[in-house]
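The sequence and the coordinates are shown first.

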Amino acid sequence: MATRIDRRMAKLKTEGRPALVTYFMGGDPDYDTSLSIMKALPKAGADIIELGMPFSDPMADGPAIQAAGLRALKGGQTLVKTLKMASDFRAGDNETPIVLMGYYNPIYIYGVDRFLKDAIASGIDGLIVVDLPPEMDEELCIPALKAGINFIRLATPTTDDKRLPKVLQNTSGFVYYVSMTGITGSALADTGKVAAAVKRIKGHTDLPVCVGFGVKTAEQARVIGANADGVVVGTAIVNAVANVLGPKGEKTADPAEAVATLVGGLAQGVRSARLAAAE
Amino acid sequence: MNKPATPNSFRTGPDEQGMFGIFGGRFVAETLMPLILDLERHWNEVKNDADFRAELTDLSTHYAGRPSKLYFAEGLTRHLREVSSAKGLGGGAKVYFKREDLNHTGSHKINNCLGQILLAKRMGKKRIIAETGAGQHGVAAATVAARFGFPCVVYMGATDVARQSPNVFRMKLLGAEVRPVTAGHGTLKDAMNEALRDWVTNVEDTYYLIGTAAGPHPYPELVRDFQSVIGIEARAQILEQEGRLPDTIIAAVGGGSNAIGLFHPFLDDKEVRIIGIEAGGRGLDGIEHCASMNAGAPGVLHGNRTYLLQNADGQIMDGHSISAGLDYPGVGPEHSWLRDSGRVDYVPILDDEALEAFKLTTRVEGIIPALESAHAIAHAVKIVPAMDKDQIVIVNLSGRGDKDVHTVASMLGMEI
């Protein structure tokens with residue numbers, strides 16, 4: 001069963017360019033502002049949306065996304081509201097794929113079966129759950145696949161050739177290659193090494209491979225996009241929101257506009273990626 | 001929760017997936033997964049390796065001072081018999097203390113650190129990281145890092161850095177770098193998040209020396225095995241000193257390493273009642289406690305499924321305890337399983353009750369117990385007067401209380 005992610009990736013392949021995958025934190029700094037950011041993303045050139053589910057203890061995230069999560073929780077965001085946000089977005093856009101990204105505990109507490117049912121009803125296409133490696137596939141990955149939701153796995157520099165097949169086994173939608181060993185928002189790794197890693201993963205799977213962690217600028221998106229099927233940007237977007245918030249969290253400019261400006265530039269980057277590669 | 005069927009033995013866990021029933025597991029980012037599998041491989045190699053065991057035993061004996069004594073707490077026993085008589089019961093069991101406070105560095109934490117530093121050495125690691133709450137584990141980790149020549153970084157919540165300054169100074173003297181963590185409430189939970197972030201960044205050369213029997217498999221198992229020396233010794237010592245097993249054993253549970261260390265060798269002795277003490281803080285009605293097994297629910301944090309303090313949305317709460325060592329919103333997964341299986345009873349003790357036990361033990365035994373251990377003693381104070389005189393209770397005196405005198409002084413409104 002093809003999902004919106006599969007269809008979008010196939011379409012971009014015919015266009016001959018990588019996908020721009022944009023992460024933002026659901027509910028940061030409040031529900032309405034966050035929904036306006038979400039709606040602005042496709043218009044600014046995002047191809048796939050990663051909707052961040054805030055968690056109190058994000059052990060794989062750097063300071064920027066930690067702070068965004070805390071702002072969202074303080075603003076009253078819950079998993080119920082994050083699902084509602086997807087659903088509200090879907091009312092005006094039935095094409096752009098939505099991937100929920102976060103940690104397992106809120107889903108576990110919500111209840112896996114109930115969560116999958118509500119996620120489908122809200123128009124969710126895929127899941128990235130950082131703390132569910134293949135060893136824990138019975139928890140959510142297998143039930144999600146049965147329910148028709150893509151379970152997108154992270155592959156990392158520590159995932160060697162011997163382990164890759166296990167990581168790829170139940171992965172669908174795309175593979176998310178984490179460009180370095182570290183937390184979100186760190187400096188971008190050696191782009192030559194990243195390109196080699198993407199090639200290595202593609203030797204094991206026909207799935208698209210998107211690269212994230214450390215991509216912040218249009219130029220970086222262009223360079224990474226030359227070899228990858230998609231480029232994921234998260235921390236830079238979260239920072240664009242933080243930058244227009246005052247010391248008490250008050251808005252000093254429109255966060256959706258700030259995000260749209262950034263994403264517009266990134267979209268130019270991915271659109272020139274293959275041109276650059278051909279040079 | 002559904003109560004699992006009673007197993008033939010309570011000592012066979014975890015299974016190959018690192019599970020104790022539904023608890024435990026390996027809920028970590030993919031970046032860490034190969035490291036955890038590598039650790040498991042090395043752990044399986046050394047756990048029955050005679051040379052490894054011999055080296056650990058030698059260090060435990062000559063460096064840490066093991067075996068720790070099993071001490072008949074005559075002063076406390078006499079006091080509790082007087083309490084019993086005053087109530088017209090005429091009873092009062094004999095109370096023994098397992099003296100982990102007499103170990104090098106002043107607590108049971110050294111048992112685990114010695115085992116893990118030998119493992120790190122075998123794995124060819126070059127750098128040690130650790131998390132700490134009260135600083136007891138941080139001091140023990142910094143100690144073994146100094147002894148074996150490893151650079152060591154200790155993550156400690158900024159709140160704890162402020163309230164445990166003597167231990168911060170000790171760690172620095174020992175050559176460790178103490179990194180204060182300002183995220184969250186700046187306590188043990190946040191320190192553990194930051195240690196995991198360091199590990200995920202420095203995967204090549206770093207060994208994460210976890211301080212308690214929690215985290216992803218195989219940590220809960222290996223920490224338990226290194227701490228089980230407590231229970232193995234206590235069991236042999238009581239048989240030698242009293243000619244029989246105790247009726248009740250008691251230990252305080254934060255993450256639960258001293259408790260599982262005492263409990264595990266007794267789990268299949270069905271006649272021995274086992275009681276774990278959680279930090280009841282200011283009471284279980286509110287949120288100012290750390291009684292995850294009495295007032296929490298199963299969830300996933302820090303690599304394992306276990307009982308956690310959390311809200312209806314699955315967000316982890318910050319607990320409260322007078323004792324920084326018990327100030328953690330979760331608990332080791334084996335305790336969660338022992339709770340649900342009914343083998344171990346977990347009961348809360350309030351801040352005030354622990355403080356009274358701290359003062360009482362100091363006065364009638366001439367021993368200043370750690371506030372963590374004072375929670376376990378406080379429960380003995382509650383139950384011993386109603387027991388018979390020929391009954392025996394062992395309390396794990398997991399650490400000495402010198403580190404806590406500032407906290408106690410401020411609780412009592414004194415300046416020192």
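## A surface patch in chain B

Val405(B) lies in helix α16 of chain B, which spans residues 405-411; helices are DSSP runs of H or I with at least four residues, strands are E runs of at least two, and both are numbered from the N terminus. With a relative accessible area of 31%, Val405(B) is partly exposed, a class that falls between buried (under 20%) and exposed (over 50%), computed with a 1.4 Å probe on protein chains only. Together with Ile368(B) and Ile416(B), Val405(B) makes a nonpolar surface patch of about 260 Å². Patches consist of residues with over 30% relative accessible area and no salt bridge, where like charges are joined within 9 Å and nonpolar side chains (Val, Leu, Ile, Met, Phe, Trp, Tyr) within 5 Å. Accessible areas come from the Shrake-Rupley method with a 1.4 Å probe, and for residues only the protein chains shown count as cover.

## Basis of the values

This is a predicted model, in which local features need pLDDT of at least 70 and side-chain atom pairs count only at pLDDT 80 or more, while totals for chains, interfaces and linings use all residues. Residues are numbered from 1 along each chain as its sequence is written, chains are lettered from A and ligands numbered from 1 in the order in which they are written, and side-chain values use heavy atoms, with hydrogens and water left out.

## Buried elements of chain B

Helix α9 of chain B (residues 219-227) is largely enclosed by the rest of the structure, because eight of its nine residues are buried. Among them are Tyr219(B), Pro220(B), Arg224(B) and Phe226(B).

Phe148(B) belongs to helix α5 of chain B, residues 136-148. Phe148(B) counts as buried because its relative accessibility is 19%. Beyond its neighbours within four places in sequence, Phe148(B) is in contact with Leu59(B), Ile117(B), Leu118(B) and Lys121(B), where contact means heavy atoms within 4.5 Å.

## The interface of chains A and B

In this interface, 35 residues of chain A are in contact with 36 residues of chain B. The two chains bury about 2800 Å² between them, 55% of it on carbon and sulfur atoms; buried area is the accessible area (1.4 Å probe) that two parts lose on being put together, summed over both. On the side of chain A, Asp57(A), Met59(A) and Thr158(A) lose the most area to chain B, together 22% of what that side buries.

The rule finds three salt bridges across the interface, each a side-chain nitrogen of Lys or Arg within 4 Å of a carboxyl oxygen of Asp or Glu. Glu30(B) and Arg163(A) meet through their side chains in a salt bridge (2.8 Å, N to O).
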